[in-house]
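Work through the exercises below with the model open. Each task is followed by a stepwise solution.

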Amino acid sequence: MDFEYFRGWLVEGLGYGDGAKGGRPPFDPVSMFEALILQAQHNLSDAKMEFMNRDRLSWMRFLRFNLGGPTPDENTIRHFRNRLTETGTLRRVLKAFDWQLQKKGYIPMSGQIVDASLVPAPKQRNTDAEKEAIKAGKTAKEIWPDEPSKAAQKDVDARWTLKIGGKIRYLRRDNHDASCATIKVRIVVGRDSAGRSP
């Protein structure tokens with residue numbers, strides 16, 4: 001990946017001066033952009049990113065920071081990201097970054113599988129009209145407006161499945177987020193007939 005390709009856009013978007021006023025020189029904008037990419041890739045907070053920049057030698061080499069030299073703190077990282085966001089540069093640079101990845105044959109995606117296990121759950125006893133409303137995509141509050149406790153107990157996004165070789169029905173909840181290209185799976189823990197969790 002040629003990160004130097006973004007230098008012109010980053011410098012323009014940040015509005016760095018010529019240094020005539022003095023003060024500490026800013027961190028290299030390309031290294032800071034690379035840090036934002038690592039931060040997003042590993043889902044890190046600004047404080048955790050500050051720690052990782054100082055802790056991981058591989059990250060220091062990738063970001064071109066010297067061992068024992070200054071590294072950006074969490075406020076610097078936040079300020080850098082906010083400045084790029086305010087000027088619209090971050091959106092422009094990330095679009096070009098995605099384009100470069102696609103050109104090299106990679107498909108940028110986000111999302112994660114939280115849990116992929118199945119759990120036993122009691123059968124939901126819905127009427128045919130309620131089943132149709134669920135299939136139509138209505139929320140529980142829309143289906144049971146006069147019964148808030150019943151609406152709170154129903155998960156209208158969940159679907160049933162049979163575990164291969166078994167006779168117990170399992171509740172499966174697949175939640176496809178339109179903003180990501182992978183499926184997030186969350187499992188709803190069911191209760192047995194006595195009301196105990198498995």
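A salt bridge here is a side-chain nitrogen of Lys or Arg within 4 Å of a carboxyl oxygen of Asp or Glu. The model is predicted. By this rule the count comes to 8 salt bridges.

**Exercise 1.** Find what the salt bridge between D28 and R64 ties together.

Solution. 
- Step 1: check the contact. The side chains of D28 and R64 meet at 3.5 Å, N to O. The cut-off is 4 Å.
- Step 2: D28 sits in the loop between α1 (7-14) and α2 (29-42), and R64 in the loop between α4 (57-63) and α5 (74-87), so the pair ties together parts that are 36 residues apart in sequence.
- Step 3: D28 has a relative accessible area of 25% and is partly exposed. R64 is partly exposed too, at 44%.

**Exercise 2.** Take the salt bridge between K150 and E130. Locate both partners and judge their exposure.

Solution. 
- Step 1: check the distance. The side chains meet at 3.6 Å, N to O.
- Step 2: locate the partners. K150 belongs to helix α9 (residues 148-153) and E130 to helix α7, so the bridge ties together parts that are 20 residues apart in sequence.
- Step 3: judge K150. Its relative accessibility is 27%, so K150 counts as partly exposed.
- Step 4: judge E130. Its relative accessibility is 12%, so E130 counts as buried.

**Exercise 3.** Which residues do salt bridges with shared partners join into one network?

Solution. 
- Step 1: follow the shared partners. They join E4, R7, D28, E34 and R64 into one network.
- Step 2: link back to Exercise 1. D28 and R64 are bridged to each other.

**Exercise 4.** Which residues gather in a patch of positive charge on the surface?

Solution. 
- Step 1: list the members. They are K123, R125, K131 and K135.
- Step 2: K123 lies in the loop between β1 (119-120) and α7 (128-135).
- Step 3: check that residue against the patch limit. Patch residues need over 30% relative accessible area. K123 is exposed, at 52%.

Technical notes:
Residues are numbered from 1 along each chain as its sequence is written. This is a predicted model: local features need pLDDT of at least 70, side-chain atom pairs count only at pLDDT 80 or more; totals for chains, interfaces and linings use all residues. Side-chain values use heavy atoms; hydrogens and water are left out. Patches are made of residues with over 30% relative accessible area and no salt bridge: like charges are joined within 9 Å, nonpolar side chains (Val, Leu, Ile, Met, Phe, Trp, Tyr) within 5 Å. Accessible areas come from the Shrake-Rupley method with a 1.4 Å probe; for residues, only the protein chains shown count as cover. Lys and Arg count as positive and Asp and Glu as negative; His and the chain ends are not counted. The place of a charge is taken as NZ of Lys, CZ of Arg, CG of Asp or CD of Glu. Helices (H or I, at least four residues) and strands (E, at least two) are DSSP runs, numbered from the N terminus. Buried means under 20% relative accessible area, exposed over 50%, partly exposed in between (1.4 Å probe, protein chains only).
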